[in-house]
Amino acid sequence: MALVLNIETATTNCSVSLSKDGETLVLKEDNSLGFSHAETLHLFIDEVFKSSKIKPSEIDAVAVSKGPGSYTGLRIGVSSAKGLCFALNKPLIAISTLESLAHQVTISDGFIVPMLDARRMEVYSAIYNSNFELHREIQAEILTEESFRTLLKDHKIYFVGNGVEKTKSLIEHPNAVFVDGKLPSANEMGFLAEQKHKKSDTVDVAYFEPYYLKDFVALKKKV
């Protein structure tokens, strides 16, 4: 049984929640501001505590979305989570961004493919079965018309995340189901954080780094 502060900043959705026993008590998030996490994250954290009337010292742990995702977004989220853990002397729990995203889809059969845009025709993706068990590890992959074809032949696949739009343009198959408008959210993190907290599955606050999957590449500004 745990009271956990959950932080999700892997995409444009700046999302914070407080969960108790795996259930969300309070959620504050906004996707309309773009990558403004540096300005909004701590405001959201403060609002979540004030709204719930729970003091920061009362939480049992801080959970953070570990990636893959936006390099800058992940760095801001993890840095904030670490700072809170040090200040409050609380453990840090790392949650897979794609696993959390997969939990936005509930199915009885088939597979779930959470996918995040990684620029151009590339996505970060993984494959989970209907019980949210990992069927294929996380990969950075370039989408083609042949992507997921073998699995699609005999199974329905539910694609979810901001990589869905580019996938739609390439994959046309009756077993492909596209779940639109979904981004990783702290709302789904509470359940996963609770499971990890029960097993004392935490990470070293001092040495933990986000799971970037790819090296950071700075883009040149357009003139």
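Student: Is Phe-178 buried, partly exposed or exposed?

Tutor: Burial is read from relative accessible area: buried means under 20%, exposed over 50%, and partly exposed in between, with a 1.4 Å probe and protein chains only. Phe-178 has a relative accessible area of 23%, so it counts as partly exposed. The structure is a predicted model, in which local features need pLDDT of at least 70 and side-chain atom pairs count only at pLDDT 80 or more, while totals for chains, interfaces and linings use all residues. Residues are numbered from 1 along each chain as its sequence is written, and side-chain values use heavy atoms, with hydrogens and water left out.

Student: Where does Phe-178 sit, and which residues is it in contact with?

Tutor: Helices (H or I, at least four residues) and strands (E, at least two) are DSSP runs, numbered from the N terminus. Phe-178 belongs to strand S10, residues 176-179. Contact means heavy atoms within 4.5 Å. Neighbours within four places in sequence aside, Phe-178 is in contact with Phe-159, Val-164, Thr-167, Lys-168 and Ile-171. Its C-alpha atom is separated by 9.7 Å from that of Val-113, 65 residues apart along the chain.

Student: How many residues does the largest nonpolar core have?

Tutor: In soluble globular proteins, nonpolar side chains tend to be buried together. A nonpolar core is a set of buried Ala, Val, Leu, Ile, Met, Phe, Trp, Tyr and Cys residues joined through side-chain atoms within 4.5 Å. Here the largest has 25 residues, and Leu-5, Ile-7, Ile-45, Val-62 and Leu-92 have the most contacts inside it. Two or more residues come from each of strands S1 (3-8), S2 (14-20), S4 (61-65) and S5 (92-95) and helices H1 (37-52) and H2 (71-88). A second, separate core has 15 residues, including Leu-98, Ile-107, Ile-112 and Tyr-158.

Student: Which residues does Val-62 touch?

Tutor: Not counting residues up to four places away in sequence, Val-62 touches Val-4, Leu-5, Ile-7, Ala-81, Leu-84, Cys-85, Pro-91, Leu-92 and Ile-93.

Student: At what angle do H1 and H2 pack?

Tutor: Axes are lines fitted to C-alpha atoms, for helices over the stretch in contact, and angles run from 0 to 180 degrees between N-to-C directions. H1 and H2 pack at about 35 degrees, with axes 10 Å apart. H1 contributes His-37, Ala-38, Leu-41, His-42 and Ile-45 to the contact, and H2 contributes Gly-73, Ile-76, Gly-77, Ser-80 and Leu-84.

Student: Is Ser-96 buried or exposed?

Tutor: Ser-96 has 9% relative accessibility and therefore counts as buried. It is placed in the loop between S5 and helix H3 (97-102). Beyond four places in sequence, it touches Lys-66, Gly-67, Tyr-128 and Ile-138.

Student: What should I check in the backbone?

Tutor: Most residues other than glycine have a negative phi, and most peptide bonds are trans. In this model the peptide bond from Gly-67 to Pro-68 is cis, with omega near 5 degrees. Pro-68 is in the loop between S4 and H2.

Student: What is phi of Asn-89 and of Arg-120?

Tutor: Phi of Asn-89 is positive, near 60 degrees. Asn-89 lies in the loop between H2 and S5 and is exposed, with a relative accessible area of 71%. Arg-120, also not a glycine, has a positive phi of about 50 degrees. Arg-120 is in the loop between strand S6 (111-117) and strand S7 (122-129), and at 73% relative accessibility it counts as exposed.
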